[in-house]
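Thanks for coming. I will go through one end of this chain and then one spot on its surface. Please have the sequence and the model in view.

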Amino acid sequence: MNRNDILIVCALPEETQDKLDGWNVIYTGCGKVNATYELTAELFFQKKISKLPKLIINFGTAGSDKIPIHTLVDCSKFVQRDMDVTGLGFPKGKTPFEDRIPKVLDFSIVKNPIGKKYTCGTGDSFVQNVSKELPGMDVFDMEAYALAKTSWKTDIDFVSYKYITDNADETSPNDWLENCDKGIEEFKKVLEYYG
């Protein structure tokens, strides 16, 4: 696999400081809808890339109450933390009437240089209180599940690298603003693994 086989997907240029020269990179904007739309558009309509990638790498920021701030982690399992159709008898986090797609999208077989294989809970909200979230999440973000699901449905390998900017608590907004651009150098080291 070489760089032409990889598409890097990020939410915001502020997270990368535009320091990914030589890589195929798209920015989606915040949230699941933007992430799904922009990745799908890139794969099938815009054609900035000449062929479908073999691997989609997501890089971005996340909060965690378990992992120290300023740590770069890999995520290989993804849950839609704000999907709640419990009123119809579905478990929280499970999209209703999608029997073929599991609640947890698991890309653990995709090798990466960190290899911790954390679980990322994605939702359209900025987490400031983990007690209100699904249990079992290691990190919290706003795009990775949507990107993982698009990859799952198109049979493209996927991995996400998240730079922990905050503790997913009441100080998270200020912590994110202070730290959102500090993970790019660590991510660039990870990219050496891919060529």
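Glu186 and Lys189 meet through their side chains in a salt bridge, at 3.2 Å from N to O. By salt bridge I mean a side-chain nitrogen of Lys or Arg within 4 Å of a carboxyl oxygen of Asp or Glu. Before going on: this is a predicted model, where local features need pLDDT of at least 70 and side-chain atom pairs count only at pLDDT 80 or more, while totals for chains, interfaces and linings use all residues. Residues are numbered from 1 along each chain as its sequence is written, and side-chain values use heavy atoms, with hydrogens and water left out.

Glu186 and Lys189 are three residues apart in helix α5, so about one helical turn separates them. Helices here are DSSP runs of H or I with at least four residues, strands are runs of E with at least two, and both are numbered from the N terminus. Glu186 is partly exposed, with a relative accessible area of 36%. The classes are buried under 20%, exposed over 50%, and partly exposed in between, using a 1.4 Å probe and protein chains only.

Which residue forms a salt bridge with Glu185? Lys188 does, with the closest N and O atoms 3.9 Å apart. Glu185 has another salt bridge partner, Lys19, at 3.3 Å from N to O. Lys19 sits in the loop between α1 and β2 (24-27) and Glu185 in α5, so this pair ties together parts that are 166 residues apart in sequence. Lys19 is partly exposed at 35%, and Glu185 is partly exposed at 38%. Through shared partners, salt bridges join Lys19, Glu185 and Lys188 into one network. The whole structure has nine salt bridges.

Now the buried residues of the helix. In α5, residues 184-191, Ile184, Phe187, Val190 and Leu191 are buried. Seen down the axis, they fall within an arc of 110 degrees, so they line one face of the helix; the arc is that of the directions from the helix axis to the C-beta atoms. They pack against β1, α1, β3, β4 and β8, where contact means heavy atoms within 4.5 Å.

Last, the surface spot. Phe44, Phe45 and Leu52 form a nonpolar patch with about 320 Å² of accessible area together. Areas come from the Shrake-Rupley method with a 1.4 Å probe, and for residues only the protein chains shown count as cover. Patch residues have over 30% relative accessible area and no salt bridge; like charges are joined within 9 Å, and nonpolar side chains (Val, Leu, Ile, Met, Phe, Trp, Tyr) within 5 Å. Phe44 is in helix α2.
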